[in-house]
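Open the model in your viewer and keep the selection panel at hand. The tour goes stop by stop.

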Amino acid sequence: MSSPTKPAAEVQRDPTEVLAEKLFIEMAGRVYSVIGGEKPQPRMLAQLSFRLAEVFQQANNEFNPTAIAAREAKDKATVNLDNVKIDFGAVGKPK
C-alpha cells in the first residue's frame, strides 16, 4: 500500500493573469469560430486580454463597494513602521 500523500500546494496565480486568460479564451473562441474575414494574430488578442484585465482590476478596486471595503480593511490591519520612533539609546542603560 502506498502511504497517503498530501496534495501539492497550488501556486498562487496573479489575479490579472487569471482574468486575462479567461478573456483570451473567450475572445479567441469568438474570433476564430467565425468563418471568413481577417483574423487578428493570437499575440494581439493576448495583449488585449491583459490590458482589459488590468483596467478591469483597477476599476473594480475603484468602484466595487466590496473591493473598496476589503482594501480599507487591509489598510487598517497593516502597520506603518515609518511613523514609529524607537529610542535605542535608552536600551541597556542602568536605571
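## Stop 1

Start with R30: its relative accessibility is 59%, so it counts as exposed, since the cut-off for exposed is over 50%. Keep in mind that this is a predicted model.

R30 and E26 form a salt bridge, with the closest N and O atoms 2.8 Å apart. Both residues sit in helix α1, 4 residues apart, so about one helical turn separates them. E26 has 44% relative accessibility and therefore counts as partly exposed.

## Stop 1: the network around R13

Clear the selection and pick R13, E17 and E21. Salt bridges link these three residues in a network.

Which residues does R13 pair with, and at what distances? Here are the two contacts of R13:

- R13 to E17: a salt bridge with the closest N and O atoms 3.5 Å apart.
- R13 to E21: a salt bridge with the closest N and O atoms 2.6 Å apart.

Next, colour by accessibility. R13 is partly exposed at 40%. E17 is partly exposed too, at 34%. E21 has a relative accessible area of 37%, so E21 is also partly exposed. How many salt bridges does a search of the whole structure find? The search finds 3.

## Stop 2: α1 against α2

Switch to cartoon view. Select residues 15-33 for helix α1 and residues 42-63 for helix α2. Two packed helices are described by the angle between their axes and the distance between the axes. For α1 and α2, the angle is about 135° and the axes are 8 Å apart.

How are α1 and α2 oriented relative to each other? They are oblique, because an angle counts as roughly antiparallel over 145 degrees and as roughly perpendicular from 65 to 115. Turn the view to check the handedness: α1 passes α2 in a right-handed crossing.

## Stop 3

Finish on F88. Where is F88 found? F88 lies in the segment after α3, the helix that spans 65-77. Is F88 buried or exposed? F88 is exposed, with a relative accessible area of 63%.

Key. Residues are numbered from 1 along each chain as its sequence is written. This is a predicted model: local features need pLDDT of at least 70, side-chain atom pairs count only at pLDDT 80 or more; totals for chains, interfaces and linings use all residues. Side-chain values use heavy atoms; hydrogens and water are left out. Helices (H or I, at least four residues) and strands (E, at least two) are DSSP runs, numbered from the N terminus. Buried means under 20% relative accessible area, exposed over 50%, partly exposed in between (1.4 Å probe, protein chains only). Axes are lines fitted to C-alpha atoms, for helices over the stretch in contact, and angles run from 0 to 180 degrees between N-to-C directions. Angles under 35 degrees count as roughly parallel, over 145 as roughly antiparallel, 65 to 115 as roughly perpendicular and the rest as oblique. A crossing is left-handed if the near helix is turned anticlockwise from the far one by less than a right angle, and right-handed if clockwise. A salt bridge is a side-chain nitrogen of Lys or Arg within 4 Å of a carboxyl oxygen of Asp or Glu.
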